[in-house]
Amino acid sequence: MSDFFGDDFTAELKSYFLDSLNKETEKFIDLVDESLWKRIRNEVAEQTKSWAVDAKTNEFLYLTEWLEGFEARASGIQDSAEFLKFLRAIKAYAEALLVEKTDSAELAAKFSLVAESRHETLFLHCKWGAQDFAIPILNVVEISSQLPLYSLPEKKPGLLGVVPFRGEAVPVVNFHDHGFMTVEAKNTYYVICEHEGVRFSLQVTETDDLMSLRDSDLQNIENHSSMIQASFVKHFFIKDSKSVMVLDLEKLVA
């Protein structure tokens with residue numbers, strides 16, 4: 001199992017590679033449509049070979065095998081939807097490694113076609129005090145504890161303020177305005193999220209493990225009157241005898 005353990009310089013190099021892989025894959029995803037995908041699939045296959053070499057250099061051995069498997073298939077994929085599925089899976093794998101900081105067979109398996117065919121989705125488990133919730137990992141851009149929170153000139157319902165992130169002022173969701181309990185916390189983290197080009201941040205007290213869930217794992221929150229009623233929470237699941245809310249980011253952005 002390869003991981004980030006070691007000196008700070010090595011960890012920084014690994015983080016840089018994963019961040020670059022995430023951004024490069026995103027560029028291909030933005031380019032791909034019905035008129036372009038056939039022309040760029042060979043280019044992607046060649047690029048994937050380079051990614052696999054870099055992944056091996058950075059000791060992400062399971063990611064290396066995953067990328068080599070994609071490279072072998074990329075030039076022969078005949079369907080654009082299948083092609084995009086692979087590209088999005090690479091991006092999600094890189095994002096998951098930035099969070100987990102550990103490469104493993106279990107993590108690689110979560111991005112296999114077998115997992116996708118079972119309609120599984122990977123979520124980041126977060127906590128706001130005693131309240132547990134989950135966010136689709138595909139929507140997570142970064143997790144940071146080093147961002148200053150700035151108040152808005154005029155208070156807006158549902159927002160705490162903004163944090164600076166990559167040259168942007170990213171709004172921070174105020175969970176209390178949406179029915180969550182008030183939490184007094186000295187140490188908080190910011191989960192920077194993106195949905196359909198819109199960036200926002202969630203303030204959390206803790207980030208936990210990644211979880212792969214099927215549709216059958218989710219329960220409808222409307223059937224449980226004791227659960228929190230928020231417009232952006234429709235489902236929950238049970239983990240270790242606790243209820244974990246699943247955030248609907250489309251509703252949250254709206």
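Which element gives the largest share of the lining of the largest pocket? It is helix H1, with six residues.

Hi everyone! This is a predicted model, so local features need pLDDT of at least 70 and side-chain atom pairs pLDDT 80 or more, while totals for chains, interfaces and linings use all residues. Residues are numbered from 1 along each chain as its sequence is written, and side-chain values use heavy atoms, without hydrogens and water.

Let's look at the pocket. On a 1 Å grid over the protein atoms alone, a pocket is an open set of points where a 1.4 Å probe fits, with protein on both sides within 12 Å along at least five of seven lines; lining residues have an atom within 4 Å of a point. The largest pocket is lined by 21 residues, with Glu26, Lys91, Glu95, Leu138 and Glu194 nearest its centre. Helices H1 (8–31) and H4 (80–100) and strands E5 (140–144) and E8 (189–195) each give two or more residues to this lining; helices here are DSSP runs (H or I) of at least four residues, strands (E) of at least two, numbered from the N terminus.

Now the rings. Rings of Phe, Tyr and Trp (its six-membered ring) pair if their centres lie within 6.5 Å: stacked under 30 degrees between planes, edge-to-face over 60, tilted for the rest. That rule gives nine aromatic pairs. Phe28 and Trp51 are edge-to-face, at 6.2 Å and 75°. This pair joins helix H1 to helix H2 (residues 37–57), 23 residues apart. Phe28 and Trp51 are both buried, meaning under 20% relative accessible area with a 1.4 Å probe, protein chains only. Why is the pair of Phe175 and Phe180 stacked? Because their centres are 4.6 Å apart and their planes at 10°.

Terms used
Buried < 20%, exposed > 50% of the residue type's maximum accessible area, 1.4 Å probe, protein only.
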